[in-house]
Amino acid sequence: MKILVPVKRVVDYNVKVRVKSDNSGVDIANVKMSMNPFDEIAVEEAVRLKEKGVATEVIAVSCGVAQCQETLRTAMAIGADRGILVETTEELQPLAVAKLLKALVDKEQPGLVILGKQAIDDDCNQTGQMLAALADLPQATFASKVEVADGKANVTREIDGGLETLAVSLPAVVTTDLRLNEPRYVTLPNIMKAKKKQLDTFKPEDLGVDVAPRIKTLKVMEPAKRSAGIKVPDVATLVDKLKNVAKVI
Amino acid sequence: MTALVIAEHDNASIKGATLNTVTAAAACGGDVHVLVAGHNAAAAAQAAAHIAGVAKVIHADSEALAHGLAENVAAQVLAIAGNYSHILFPATAGGKNVAPRVAAKLDVGQISDITKVDSPDTFERPIYAGNAIATVQSADATKVITVRTTGFDAAAASGGAATVESAAAQADSGKSSYVGSEIAKSDRPELTAAKIIVSGGRALGSSEKFNEVMTPLADKLGAAIGASRAAVDAGYAPNDLQVGQTGKIVAPQLYVACGISGAIQHLAGMKDSKVIVAINKDPEAPIFSVADFGLEADLFAAVPELTSSL
């Protein structure tokens, strides 16, 4: 069974982004870029399934600019066997990415597609579910545990108020939540090995997909600032403030 | 122009998030209909009919809809989607799971997690964990939207008198099935609906201490308990208590952060609370920059003292 793992290149989670002064977006020039953390968890899960003998090949996919190759090399250093880059300079929205991935699912016929539940830049939380719909596959989102056996996956999901377990027939789409696993530390020998792994590049046109954006960003603003209040010296003052000033207790 | 709200419910009653979503739907400008897709969910459909501002409730009932499987609920929405200009889901685990399936099948982009409706095609939504607010415009014929419930007031749960119409249930997809769930049983208010939340961070040090210190305070205040991602990752609190960008987004009347430093991703989940109290022994903790009342103290002394003085 092949596993397809889409990975997104995003602003590193440690970077505090700034809104551009012309309000056209956030400034991502010269900031550190990394693999979306939820996608890193997805790669780790796929590689573990290969190490357990459940999967035979892990294919990492990234859609975007040429530098996404670096993100794919990271995925291959974690343990993905090869990479596919769908290269474009167009702004890619989740629906367009889902269509590109659908074309690759048709081509590669994976038994599982594992991807992050959301990207930490646009915070959309859409791509996995959209891919599942377009490819007519079942989905198990926000996974905290994945067990594959007998042509199906039992997936434990993080839902409001607790956990839920679903059984989905394969092929299926799984999206990862934070507690699915802890991605391994990438070693230098594996980084070197990853450089030699196969990386194929396509254009959206090669896959017959129109990636034109559907949603236009009119402006991007700083969020309303919440001003700091006061420090109180002791618990008694705090209780007094809450009762008599804020009147919330 | 009519908006369809997909109700969040447990078959017996309507979840609070539905009420905020109805308010967002009304702001889109037309009539508001509500779809209740469930199993033996007549009581939930009746409750939906009483929500102020709802013109019609569509009730689809079948075993396949009992557990809200995304494949089946999406098919149910798609069966009636053609009648609507806007389709809105609460941005809960359930809504986020189903909405993109509907959008993709309609071949439209989805607008996630809106906090404001500027016009029928223009919306505001936070990006980069709330560090920026984007105003976006959709050119698609149908707007598929998830609604951040803290961005909109709840519609009144009573006062409406909508008609309830039955819809034929769609067939089970057969590709996924419900195995079971572990839902924490608690008498406490639900985190996203609570008026007061007390929240603990990594400084609590262990799950025993977390319970020992936080539970009495929550009991005293009738509050829900929350936790920072650091506390959840360390195993001090279960994951469904996590407040933050990747956990629950909350906006209670009072939020008491105990031993929480205030990482950006945590602030993104609670900074719309009306009054924020921070108790932390580190004077430099970023949580103090958003707190209305900051108490620089050891939480193991201050929290029990707070509990006993209430």
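The model is predicted: local features need pLDDT of at least 70, side-chain atom pairs count only at pLDDT 80 or more, and totals for chains, interfaces and linings use all residues. Residues are numbered from 1 along each chain as its sequence is written, with chains lettered from A and ligands numbered from 1 in the order in which they are written.

**Chain A**

Chain A has six helices and 13 strands, where helices (H or I, at least four residues) and strands (E, at least two) are DSSP runs numbered from the N terminus. Its C-alpha atoms fill a box of roughly 65 × 45 × 40 Å along the principal axes. Of the 249 residues in chain A, 49% are buried. A residue is buried if 20 or more other C-beta atoms lie within 10 Å of its own, exposed if 12 or fewer, and partly exposed in between, with C-beta atoms placed from the backbone. Two residues are in contact if their C-beta atoms, placed from the backbone, lie within 7 Å. Among contacts in chain A between residues at least 6 apart in sequence, 69% join residues at least 24 apart.

**Nonpolar core**

The largest nonpolar core holds 191 residues, and Val5(A) and Ala48(B) have the most contacts inside it. Such a core is a set of buried Ala, Val, Leu, Ile, Met, Phe, Trp, Tyr and Cys residues joined through C-beta atoms within 7 Å. Beyond its neighbours within four places in sequence, Val5(A) is in contact with residues including Ala42(A), Val58(A), Ala75(A) and Ile114(A).

**Strands and helices of chain B**

Strand 4 (residues 86-90) of chain B is largely enclosed by the rest of the structure, because five of its five residues are buried. His86(B), Leu88(B) and Pro90(B) lie on one side of the strand and Ile87(B) and Phe89(B) on the other. Strand 15 (residues 275-280) of chain B is also mostly covered, with six of its six residues buried. From strand 15 of chain B, Val275(B), Val277(B) and Ile279(B) point one way, while Ile276(B), Ala278(B) and Asn280(B) point the other way.

The table gives pairings of these two strands; two strands pair if DSSP finds at least two bridges between them.

| Strands of chain B | Sense | Bridges |
|---|---|---|
| Strand 1 (residues 2-6) and strand 4 | parallel | three bridges |
| Strand 4 and strand 9 (residues 143-147) | parallel | five bridges |
| Strand 14 (residues 254-258) and strand 15 | parallel | five bridges |
| Strand 15 and strand 16 (residues 293-296) | parallel | four bridges |

Within strand 4 of chain B, Leu88(B) stands opposite Val5(B), and Pro90(B) has Val147(B) in strand 9 of chain B as its bridge partner. In strand 15 of chain B, Ile279(B) stands opposite Cys258(B) and opposite Leu295(B) in strand 16 of chain B. Strand 14, helix 7 (residues 264-270) and strand 15 of chain B make a right-handed β-α-β unit. A crossover is right-handed if, with the strands pointing away from the viewer, the path from the first strand over the helix to the second runs clockwise.

Helix 4 (residues 93-106) of chain B has 13 of its 14 residues buried. Asp107(B) follows helix 4 of chain B and has a positive phi, near 55 degrees. Asp233(B), in helix 6 (residues 229-233) of chain B, counts as partly exposed because it has 16 C-beta neighbours inside 10 Å. Asp233(B) and Gln253(B) are 20 residues apart in sequence and 27 Å apart in space, C-alpha to C-alpha.

**Between the chains**

In the interface, 70 residues of chain B are in contact with 62 residues of chain A. The side of chain B that touches chain A has 34 nonpolar, 22 polar and 14 charged residues. In this classification Ala, Val, Leu, Ile, Met, Phe, Trp, Tyr, Cys and Pro count as nonpolar, Asp, Glu, Lys and Arg as charged, and the others, Gly among them, as polar.

Strand 9 (residues 162-169) of chain A and strand 11 (residues 176-183) of chain B pair in the antiparallel sense over seven bridges. Gly162(A) stands opposite Ile183(B) in this pair.

Four strands form an open sheet with antiparallel pairing, in the order 12(A)-8(B)-7(B)-6(B). Strand 12 (215-221) of chain A and strand 6 (116-119) of chain B stand at the edges, each with a single partner strand, so one side of each is left without a neighbour in the sheet. Inside the sheet, strand 7 (residues 122-127) and strand 8 (residues 132-138) of chain B pair over six bridges, with Pro126(B) opposite Ile133(B).
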